[in-house]
Amino acid sequence: MKSSRNGISPERTRWASAAMATAAIGIVMIAGMSVLPPAAAQTDGTGRPCGNHTLNGDYGLIVVGQRAVPPFLGGGIEKFVGRAMTTFYGNGTFVIQGTGAGLHGEVIGVDPNPVDIVGIYEVNSNCTGTIQWQPPAPVPPILQTFVIVDNGKQVKSAVMSPLPNVTTIEYVRQ
């Protein structure tokens, strides 16, 4: 190991310089985060923390994914798309209007008998939450998790249950 004029090796000097630079960057990042305003997903657009009141009004719904095909239709998995109008009432309840006619799958096709579906939701103060609703039989209850973005104008959601659904849903307020 070579020694510099002050008795410290060049490798140790480089390591110490890198450690000091990393520490300085960390301090600047922590200081910067302490003065930043809260992220948009932390409030409902009026400055209030999110809650069930955040979802209130009509939202267009677009869904894309894959779902199980009932055994009486042959079973398996199909890709599907859909659209519907959803009204959130600001109190933890909602209705999806005319589901079925707006859904189209590879196997099931389009349901000619659209129905309105009522469900419940819960919004956490950090603008995340859950949605649950019961489609017509024989489909089991649907559980979604979501995040509210764009000051409550959009909801980005994913179906968590039932398996084997792999589905995303986007709600956009009119």
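Start by selecting Lys156, which counts as partly exposed at 37% relative accessibility. Partly exposed lies between buried (under 20% relative accessible area) and exposed (over 50%), computed with a 1.4 Å probe on protein chains only.

Before moving on, know the ground rules. This is a predicted model, in which local features need pLDDT of at least 70 and side-chain atom pairs count only at pLDDT 80 or more, while totals for chains, interfaces and linings use all residues. Residues are numbered from 1 along each chain as its sequence is written, and side-chain values use heavy atoms, with hydrogens and water left out.

**Stop 1**

Strands here are DSSP runs (E, at least two residues), and they are numbered from the N terminus. Glu170 counts as partly exposed, at 27% relative accessibility.

A salt bridge here means a side-chain nitrogen of Lys or Arg within 4 Å of a carboxyl oxygen of Asp or Glu. By this rule the count comes to 2.

**Stop 2: Arg67 and Glu78**

Now select Arg67 and Glu78. They form a salt bridge, with the closest N and O atoms 2.7 Å apart. Arg67 lies in strand β1 (residues 56-68) and Glu78 in strand β2 (residues 77-89), so the pair ties together parts that are 11 residues apart in sequence. Are these two residues buried or exposed? Both Arg67 and Glu78 are buried.

**Stop 3: the loop between β9 and β10**

Select Ser161 and Pro162. The peptide bond from Ser161 to Pro162 is cis, with omega near 10°. Pro162 is in the loop between β9 and β10. Next, select Leu163 and Pro164. A cis peptide bond joins this pair too, with omega about 10°. Pro164 also has its place in the loop between β9 and β10.

**Stop 4: two positive phi angles**

Jump to Cys127. Its phi is positive, about 70°, although Cys127 is not a glycine. Look for it in the loop between β6 (115-123) and β7 (128-133). Cys127 is buried, with a relative accessible area of 0%.

Finish at Asp150, in the loop between β8 (142-149) and β9. Asp150 is not a glycine, yet has a positive phi of about 55°. It counts as partly exposed, at 40% relative accessibility.

Technical notes: Helix = DSSP H or I, 4+ residues; strand = E, 2+ residues; numbered from the N terminus.
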